[in-house]
Number of protein chains: 2
Amino acid sequence: MNSLILIAHGSRLTESNDEIRTLTAQLRTALGDAYARVECAYLELSQPSIPEAIDAAVHAGAQKIVLLPYFLAAGTHIQHHIPAIVSDKRAQYPHTEMELRPHIGQSQAMIELLCNCA
Amino acid sequence: MNSLILIAHGSRLTESNDEIRTLTAQLRTALGDAYARVECAYLELSQPSIPEAIDAAVHAGAQKIVLLPYFLAAGTHIQHHIPAIVSDKRAQYPHTEMELRPHIGQSQAMIELLCNCA
């Protein structure tokens with residue numbers, strides 16, 4: 001079964017982390033049957049951490065985990081921190097496919113979204 | 001004349017900051033005549049800063065400045081840091097209208113964008 005993990009940065013503010021949980025619930029509904037599980041994870045400052053979310057997906061029976069970084073720009077988190085975490089987990093779970101997607105700032109739809117906000 | 005400032009966090013990585021400049025150029029093209037100026041600004045770690053970008057817009061003759069935070073979640077930057085900077089600049093330039101928009105993570109189009117990435 002397929003599992004999607006939306007990776008957010010995490011914040012010191014509870015309401016900011018809650019915003020990610022709300023978004024994840026909306027995404028779960030919008031994606032319908034595409035993924036058996038849709039969860040969020042935080043790079044820092046909140047739980048579950050990325051390793052914890054991957055552990056939970058594997059223990060729930062995920063054969064494939066898609067990791068989608070909810071990040072706008074390719075900073076050090078995208079270039080280094082998140083790939084290193086995923087690399088460790090691939091070594092730990094060699095029978096689980098883990099696909100780290102480009103961060104959402106790379107999406108072609110971002111310009112359209114910005115035009116609607118501007 | 002109207003001026004749009006896309007506010008990014010800023011990164012230690014040059015390529016990440018350059019990504020914002022490229023996005024700003026694409027947005028400028030996409031928006032056409034909606035704004036006389038479309039520029040970016042960084043909260044930290046790169047230039048121009050938000051105050052510098054506002055100064056430049058005012059000096060270029062902007063009567064209205066729309067500030068669009070290119071941020072996903074309502075963390076401390078969105079709740080406190082950016083509003084405080086804009087508040088200072090409103091006091092400095094009382095004849096210039098400054099409209100601080102919601103951060104883009106609040107956009108209704110975000111779920112659709114995420115579904116396309118997932």
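**Conventions.** I worked with a predicted model, in which local features need pLDDT of at least 70, side-chain atom pairs count only at pLDDT 80 or more, and totals for chains, interfaces and linings use all residues. Residues are numbered from 1 along each chain as its sequence is written, chains are lettered from A and ligands numbered from 1 in the order in which they are written, and side-chain values use heavy atoms, with hydrogens and water left out.

**Entry 1: Arg101(A).** I located Arg101(A) in the loop between strand S4 (97-100) and helix H4 (109-117) of chain A; helices (H or I, at least four residues) and strands (E, at least two) are DSSP runs, numbered from the N terminus. I then listed its contacts (heavy atoms within 4.5 Å). Leaving aside neighbours within four places in sequence, Arg101(A) touches Tyr35(A), Val66(A), Leu67(A), Leu68(A) and Pro69(A), and also Cys117(B) and Ala118(B) of the other chain. The side chain of Arg101(A) makes a polar contact of 2.6 Å with that of Glu99(A), and it reaches the backbone oxygen of Cys117(B) at 2.8 Å. A polar contact is a pair of N or O atoms within 3.5 Å; within protein, one must be able to donate a hydrogen and the other to accept it, and residues adjacent in sequence count only if both atoms are side-chain atoms.

Entry 2: For Cys117(A), the nearest cysteine sulfur is that of Cys115(A), 9.3 Å away. Cys117(A) counts as buried at 14% relative accessibility, whereas Cys115(B) is partly exposed at 23%. Buried means under 20% relative accessible area, exposed over 50%, and partly exposed in between (1.4 Å probe, protein chains only).

Entry 3: Pro48(A) lies in the loop between strand S2 (37-42) and helix H2 (50-59). Leu45(A) lies in the loop between S2 and H2 as well; it has a positive phi of about 70° although it is not a glycine, and it is partly exposed at 43% relative accessibility.

I then turned to chain B. The bond from Gln47(B) to Pro48(B) is cis, with omega near 0°, and Leu45(B) has a positive phi near 70°. Leu45(B) is partly exposed, with a relative accessible area of 43%.

Note on methods:
A disulfide is a pair of cysteine sulfur atoms within 2.5 Å.
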